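Please read this briefing alongside the sequence and the three-dimensional view.

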Amino acid sequence: MKKMIYTAALAFALFSCKSTAVKTAENDTIVTNIDLVDVQDDKVMVSVDPGKIDKETIVFYIPKTVPGTYSTDNYGKFIENLKAYNYKGEDLSVTKLDENSWQIADATQLDKVTYWVNDSFDVEGEEGVFSPAGTNIAANENFMLNLHAFVGYFDGLTETPYQLLVRRPNALVAGTSLKSHPASQPEGDATIDEYAASRYFEITDNPIMYSASESVDFQLGDMKVILDVYSPNGVHTAESIQPNMTKILEAQKRFLGDIDNTDMYAILLYLADMQKTDAKGFGALEHHTSTSVVLPETMPLEALNESMKDVVSHEFFHIITPLSVHSNEVHYFDYNDPKMSQHLWMYEGVTEYFANLFQVNQGLIEDTDFYGRMAEKIASSRSFDDTMPFTELSENILDDKYEPSYYNVYQKGALIGMTLDIRLRELSEGKMGILDLMKKLSAKYGKDNPFKDDELFDDIVALSYPEVSTFLTTYVSGTTPIPYQDFFAKVGVEKTEQEVKSGYFLNGQVPFIDGSAETKAIFVRKGIALNSFLKEMKLEGGDIIKSINGTEYTIDNAYALIMTSQGWKEGDELEMIIDRDGKEMTLKGKVSPATLMKTSYKPLDLPATDARVQLREAWLRG
């Protein structure tokens with residue numbers, strides 16, 4: 001998952017153990033129907049037929065949380081009028097246990113469950129759901145089907161195959177990596193698309209976007225890429241975005257080499273209309289063979305391409321982990337009683353590292369740009385508890401104590417990947433890096449063979465070097481901060497500092513502000529160095545920004561704050577209403593250039609024969 005708010009980066013996969021299967025007596029497929037034609041009050045009807053049940057009572061669930069998110073979202077709150085019917089079409093007794101679960105009596109007579117589904121995009125604040133994990137229902141125009149919000153599951157039947165039948169208007173076309181079988185069946189003005197999934201996880205792992213917009217398919221070696229773009233006002237098209245995506249994905253495929261984990265990958269891009277109540281949480285949610293992306297439609301093509309480069313490249317690298325390398329907690333995900341894996345540093349951190357490393361490796365950015373990105377991550381990571389064991393953070397990421405540190409996954413998690421990469425190159429005299437390690441782990445496990453969470457470190461050591469054990473227990477599961485300068489010294493790179501310009505609220509990809517999903521408040525981040533503008537306005541870490549020059553701001557219009565600030569001119573008068581420790585205050589000042597001292601790294605002037613230079617070349621271009 002990659003979240004972008006253009007004002008702040010606001011919140012791993014949540015995991016649990018395999019359920020005990022309940023046998024079905026008559027068939028082994030759960031049949032689900034979604035009707036996108038007879039939309040009523042901006043809701044769609046869903047029915048789920050589990051086949052014959054041999055229990056007197058059974059519980060039906062809508063997910064509380066899903067893989068790739070960092071929050072408890074309770075998708076059951078979007079469900080209305082859930083009913084259960086027997087084979088005679090009569091109502092069965094249904095008891096709602098909580099927001100996401102319903103107990104059905106006389107389940108041996110259960111024929112099907114039906115219910116209406118609301119979407120999240122047109123709800124103010126989206127009920128706290130991160131947009132790329134959310135839903136859209138716009139009759140005859142667009143349906144963003146993150147299927148975890150539409151399709152539920154029965155207790156004990158998550159490993160049962162699913163047949164998904166979607167009735168849709170003929171004018172709408174599906175973008176998805178979910179396998180269809182057989183061919184779609186016409187039905188007057190509608191068409192029924194049939195999809196097959198081996199288990200419930202495969203349903204939730206394959207979003208579908210239906211829209212009238214034309215999609216683009218292109219081939220990268222043996223992999224077919226589907227690029228589906230919905231732009232409500234026709235600002236952008238799949239054809240305009242394809243050249244950039246082709247360039248990026250070709251570079252990623254070259255970087256991965258012989259890794260070939262999927263023959264299809266779908267990119268579903270939803271561009272939000274900023275003039276309406278629409279999706280506001282920008283970024284992407286990963287899936288094994290696809291990603292759903294939400295960005296503002298108002299972005300110029302150049303900026304959109306740049307955002308897509310960083311966001312999609314991160315999500316695409318998830319075909320390595322967790323697709324091919326993951327624990328039991330990931331493989332047998334429990335959507336309503338999630339347990340965490342210890343290895344978020346690998347699932348998200350190493351993925352984020354690859355999303356940056358491949359760009360310098362493939363010549364898309366200069367070495368100095370790569371060093372600068374890593375320097376930004378170092379600076380950002382130090383605003384969190386640098387002594388907290390990362391395995392502890394991962395395992396407890398949903399707890400109130402740990403959840404505020406989720407953003408560090410993309411900072412220190414990536415830095416763990418970088419320093420482990422350098423250590424492996426050092427131990428192997430440049431021959432082995434972290435990508436080679438991930439290939440070995442992928443060969444050992446693969447997408448259908450999860451590892452035991454407590455055994456991963458031993459497996460890594462067995463596939464690399466004994467000294468790696470010390471690295472993992474010291475810097476990943478241990479409390480020792482990583483001495484970054486020591487690792488950079490191994491590759492002949494030194495620390496530098498200089499005064500540079502920054503944005504008013506963003507320094508590159510590092511935000512000076514953040515937001516609360518619960519209160520929607522925008523606040524100045526604590527524990528980071530603020531730029532000169534924020535200091536001159538006398539803002540402090542923790543200050544809640546309520547309004548600027550009379551315009552109130554929350555996370556719902558955070559993008560507007562960034563866009564507005566870009567139009568400020570030096571000397572313009574500013575009046576900020578803030579909340580500091582529960583007390584409202586007014587801060588007055590003028591717009592001034594925003595600068596800060598930037599720490600970066602640069603290569604030492606060394607001969608090409610120096611061992612450090614050779615190790616650096618192996619690290620960046622090996």
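The points below are grouped by topic, after a short note on the model and its conventions.

This is a predicted model, in which local features need pLDDT of at least 70 and side-chain atom pairs count only at pLDDT 80 or more, while totals for chains, interfaces and linings use all residues. Residues are numbered from 1 along each chain as its sequence is written, and side-chain values use heavy atoms, with hydrogens and water left out.

**Helix α9 with helix α10**

- Helix α9 (residues 434-444) and helix α10 (residues 456-463) have axes that come within 10 Å and cross at roughly 115 degrees; helices (H or I, at least four residues) and strands (E, at least two) are DSSP runs numbered from the N terminus, and axes are lines fitted to C-alpha atoms, for helices over the stretch in contact, with angles from 0 to 180 degrees between N-to-C directions.
- The helices α9 and α10 are therefore roughly perpendicular to each other, a term that covers 65 to 115 degrees, with under 35 counted as roughly parallel, over 145 as roughly antiparallel and the rest as oblique.
- On the α9 side the contact (heavy atoms within 4.5 Å) involves Leu437, Lys440, Leu441 and Lys444, which meet Leu456, Asp459, Ile460 and Leu463 in α10.
- The residues of this contact of α9 with α10 divide into five nonpolar, no polar and three charged, where Ala, Val, Leu, Ile, Met, Phe, Trp, Tyr, Cys and Pro count as nonpolar, Asp, Glu, Lys and Arg as charged, and the others, Gly among them, as polar.

**Helix α8 with helix α9**

- Helix α8 (residues 412-427) packs with α9 at an angle of about 95 degrees, with the axes 8 Å apart, and α8 and α9 are therefore roughly perpendicular to each other.
- Gly417, Leu420, Asp421, Leu424 and Arg425 in α8 meet Ile434, Asp436 and Leu437 in α9.
- The residues of the contact of α8 with α9 divide into four nonpolar, one polar and three charged.

**Trp345 in helix α5**

- Trp345 has its place in helix α5 (residues 344-361) and is buried, with a relative accessible area of 2%; buried means under 20%, exposed over 50% and partly exposed in between (1.4 Å probe, protein chains only).
- Not counting residues up to four places away in sequence, Trp345 touches residues including Phe390, Leu420, Leu456 and Ile460.
- Trp345 and Phe390 are 45 residues apart in sequence and 6.9 Å apart in space, C-alpha to C-alpha.

**Thr191 in strand β17**

- Thr191 lies in strand β17 (residues 190-197) and, at 8% relative accessibility, counts as buried.
- Leaving aside neighbours within four places in sequence, Thr191 is in contact with residues including Val166, Asn170 and Pro186.
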